[in-house]
Amino acid sequence: MGQIEQRLAALGLVLPPPMQTPSGVVLPFPWVRIHGNRVFVSGHGPLAADGSLAKPLGKVGAELTQAQGYEAARLTALAILSSLKQALGELDRIEAWLRVFGMVNAAPGFNRFPSVINGFSELVLEVFGPVVGAHARSAVGMAGLPFDIPVEIEAEVAIR
Amino acid sequence: MGQIEQRLAALGLVLPPPMQTPSGVVLPFPWVRIHGNRVFVSGHGPLAADGSLAKPLGKVGAELTQAQGYEAARLTALAILSSLKQALGELDRIEAWLRVFGMVNAAPGFNRFPSVINGFSELVLEVFGPVVGAHARSAVGMAGLPFDIPVEIEAEVAIR
Amino acid sequence: MGQIEQRLAALGLVLPPPMQTPSGVVLPFPWVRIHGNRVFVSGHGPLAADGSLAKPLGKVGAELTQAQGYEAARLTALAILSSLKQALGELDRIEAWLRVFGMVNAAPGFNRFPSVINGFSELVLEVFGPVVGAHARSAVGMAGLPFDIPVEIEAEVAIR
């Protein structure tokens with residue numbers, strides 16, 4: 001078991017299985033696209049332990065509180081780590097997190113997007129540490145997200 | 001004629017001319033920015049055969065049906081291929097599609113953004129095949145897009 | 001003083017100090033992430049001369065006119081240059097602007113996002129010139145932005 005997976009285990013974090021695509025939907029793209037040492041991560045949402053979309057669905061500031069949005073961002077981090085493990089074999093290959101684009105399904109009047117996406121950033125920093133885990137970030141409010149997921153995050157990382 | 005252009009011709013696909021910028025608007029940036037083997041594609045919308053903005057304009061889920069949104073995403077793919085051909089000379093130089101960021105002008109309550117942006121992804125896969133054409137992707141709902149275009153897509157590709 | 005800073009001075013442009021984070025907010029990420037010759041710029045908003053968020057806050061097309069949005073985008077460019085100077089030491093290290101993602105806090109019915117984000121692009125072109133300063137760009141409307149800032153911009157540049 002690699003060092004990052006040991007760290008996940010020590011923190012009690014379990015990666016979900018790959019996303020169960022909702023029926024009737026075709027997603028003709030990979031969750032992770034590797035090119036040389038560059039790794040592009042498709043937009044992911046939060047997953048439950050069985051790989052289905054995590055509940056609750058909806059907009060942060062309406063169907064979800066800010067705290068529930070934070071938890072959704074944390075689950076999104078685990079979903080992305082799951083996809084990265086599947087694509088890379090070994091999470092220790094990640095040399096640096098580079099860019100994180102955090103999208104929040106925004107109810108009118110809600111604007112605390114950074115506090116929501118912190119659920120993602122803080123988990124990445126806990127697991128990878130401040131050198132590898134640091135990332136440029138935006139955290140912004142969207143008019144809508146697929147399947148009414150509350151959070152969607154895309155990213156780029158560099159590998160060895 | 002290169003292999004990709006032969007493929008476009010075989011599929012009966014015709015690239016539009018460069019976008020006719022709506023009057024009174026200044027767009028002080030290139031449609032494609034090349035740096036080494038990296039190629040950044042500015043946000044494009046769907047174009048008609050004469051390079052004007054394709055109709056209908058508006059939000060998907062209101063002025064446009066999902067099927068019309070899909071068609072707009074398909075036209076956006078052709079607009080991007082046109083810009084890439086102009087910038088690169090030859091579409092065969094594209095070694096890999098990397099990242100696709102698909103933005104849908106979203107009517108309240110519409111959330112089938114992936115099914116809209118599939119109009120882009122499926123065309124790219126038809127033309128470039130599954131190895132070169134694969135791409136990381138997000139497909140999300142925006143509060144608004146320039147000129148009320150229904151779809152806007154930005155991307156990055158790698159060239160030889 | 002480097003050439004870019006001389007140019008800023010000749011244009012009468014002054015970079016703001018680093019952003020004063022609003023109280024009660026944790027932003028666990030750097031404003032700039034450097035990896036090799038790639039530089040990722042986190043989403044920035046407009047800053048006042050003291051590093052606080054520039055006023056007015058709100059949506060362009062409602063609380064702000066288009067002209068005020070343009071000015072906010074211009075201030076966002078200065079905020080980004082300030083972060084880049086702090087991270088790079090010397091702005092002359094910038095070899096090329098690559099990608100600019102311009103997000104406008106959009107009031108319903110407003111769609112002139114390119115004319116707003118031109119405040120950013122035109123300043124970058126004035127300061128860096130057309131070769132280094134050229135960039136791929138999207139300019140789009142968001143449902144919300146942190147702290148109700150009117151404009152947020154993220155970017156990537158290449159350094160020597």
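In this predicted model, helix α2 of chain B passes helix α3 of chain B in a right-handed crossing. Two packed helices are described by the angle between their axes and the distance between the axes. Here the angle is about 35°, and the axes of α2(B) and α3(B) lie 7 Å apart.

Which residues of the two helices meet? The table gives each side of the contact.

| Helix | Residues in the contact |
|---|---|
| α2(B) | Q66(B), G69(B), Y70(B), E71(B), A72(B), A73(B), R74(B), T76(B), A77(B) |
| α3(B) | S115(B), V116(B), I117(B), N118(B), G119(B), F120(B), L123(B), V124(B) |

Sorted by class, this contact between α2(B) and α3(B) holds nine nonpolar, six polar and two charged residues.

Now follow α2(B) along its length. The helix runs over residues 66–88, 23 residues in total, and from its first C-alpha to its last it reaches 33 Å, close to the 33 Å expected at 1.5 Å a residue. Just after this helix comes G89(B), with a positive phi of about 85°.

Let us step back to the chains. Two copies of a chain are related by a rotation about an axis and a shift along it. For chain B laid on chain A, the turn is 120° and the shift along the axis is 0.0 Å, with an RMSD of 0.0 Å. That is the relation of a three-fold axis. Within chain B, the residue that comes closest to this rotation axis is A143(B), its C-alpha at 2.9 Å.

How do the copies meet? Only 8% of the interface residues of chain B are also interface residues in chain A, so the copies meet through different surfaces.

Notes. Residues are numbered from 1 along each chain as its sequence is written. Chains are lettered from A and ligands numbered from 1 in the order in which they are written. This is a predicted model: local features need pLDDT of at least 70, side-chain atom pairs count only at pLDDT 80 or more; totals for chains, interfaces and linings use all residues. Helices (H or I, at least four residues) and strands (E, at least two) are DSSP runs, numbered from the N terminus. The expected span of a helix is 1.5 Å times one less than its number of residues. Copies are superposed by least squares on the C-alpha atoms of residues with pLDDT of at least 70 in both. Two residues are in contact if their C-beta atoms, placed from the backbone, lie within 7 Å. Axes are lines fitted to C-alpha atoms, for helices over the stretch in contact, and angles run from 0 to 180 degrees between N-to-C directions. A crossing is left-handed if the near helix is turned anticlockwise from the far one by less than a right angle, and right-handed if clockwise. Ala, Val, Leu, Ile, Met, Phe, Trp, Tyr, Cys and Pro count as nonpolar, Asp, Glu, Lys and Arg as charged, and the others, Gly among them, as polar.
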